[in-house]
Amino acid sequence: MRRIAVTGASGLIGSALVRSLTADGHEVVRLVRRTPRAADEVRWDPDGGRVDADGLAGCHAVVNLAGAGVGDRRWTDAYKQRIRDSRVNGTAALARAVASLDERNRPRVFVNGSAIGYYGETGDRAVDESAPAGEGFLPDLCVEWEGAAAPAQEAGVRTVFSRTGLVVSRRGGAWGRLFPLFRAGLGGRMGDGRQYWSFVALHDEVAAIRHLIDTDGLSGPFNVTAPNPLTNGEITAAMGRVLHRPTLFAVPAPVLRTVLGEMSGDVLGSARVLPARLLESGFRFAFPEIEGAIRAAL
């Protein structure tokens, strides 16, 4: 049994990770912004850059999944700053807290959330972890986000960046919005449908994070995406097959740009991302194909 601290424990990925860890008998410490109400809670203030470091002492791992939702609302300048601060400031605070502990009580591994937005627009070109960062808001954010973990790395803590793709789940995220539309027969491709979507089943997302925690020697970036990314048009067709619904509707790119603003680039952009390092490390996906991932979510 290990003691593992988790931020973002109430989010889509965090709550699934907590369920998985506790089901296997591990002790989970949740970082909360309010006054702790239980022994398994630790206070932190990511905006103010403060963490109760003593609450992390003796933890085997710290998993940082906190951050304002990228797709929660239109990207105004103010909300883009909120997205940035919630990730960069929170990561920096955690990394400093981890580094401040004496070596005997310091966590052995720091798993920091990141995203395949790091690569920006890739078109139909497949990329793995060796590819450089792209250009734009999301790539710049991911570079700064991962860079904020430097204090933990410099203290000798094994630091891993889980660059997550689009999580297939009916409980939240992009797919949480897609499922009701497709079930109502209103689903369809977005734009021309030729843009690649790099997806991952929620089950595999959690299993990958646990693999990164448990496998000594793994550090640096790992793409957490299924090994077979598909185009939006192919995923639309798969949703129709699994849900037995027509997929006649299509949302033209100009409409998406009008409704979503700058965030439409994340929907219409193409990211064909491969999990090269994850596969090389011995990880095996339970749902490598989209139809299996969709059925698992249902």
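Visitor: How much space lies in the second largest pocket?

Guide: About 200 Å³. A pocket here is an open set of points on a 1 Å grid over the protein atoms alone, where a 1.4 Å probe fits, with protein on both sides within 12 Å along at least five of seven lines. The volume is the space filled by probe spheres set on the points. This is a predicted model, where local features need pLDDT of at least 70 and side-chain atom pairs count only at pLDDT 80 or more, while totals for chains, interfaces and linings use all residues. Residues are numbered from 1 along each chain as its sequence is written, and side-chain values use heavy atoms, with hydrogens and water left out.

Visitor: Which residues line the second largest pocket?

Guide: Lining residues have an atom within 4 Å of a point. Among them are Arg 19, Arg 170, Arg 171, His 203 and Ala 297. Two or more residues each come from α1 (12-23), α6 (202-214) and α11 (290-297).

Visitor: Which element gives the largest share of the lining?

Guide: α6, with three residues. Helices are DSSP runs of H or I, at least four residues, numbered from the N terminus.

Visitor: What is the lining by class?

Guide: Seven nonpolar, two polar and three charged residues. Asp, Glu, Lys and Arg count as charged; Ala, Val, Leu, Ile, Met, Phe, Trp, Tyr, Cys and Pro as nonpolar; the others, Gly among them, as polar.

Visitor: Different topic. How many of the 298 residues count as buried?

Guide: 52% of them, with buried meaning under 20% relative accessible area (1.4 Å probe, protein chains only).

Visitor: What does the C-alpha trace span?

Guide: About 60 × 40 × 40 Å along the principal axes.

Methods. Buried means under 20% relative accessible area, exposed over 50%, partly exposed in between (1.4 Å probe, protein chains only).
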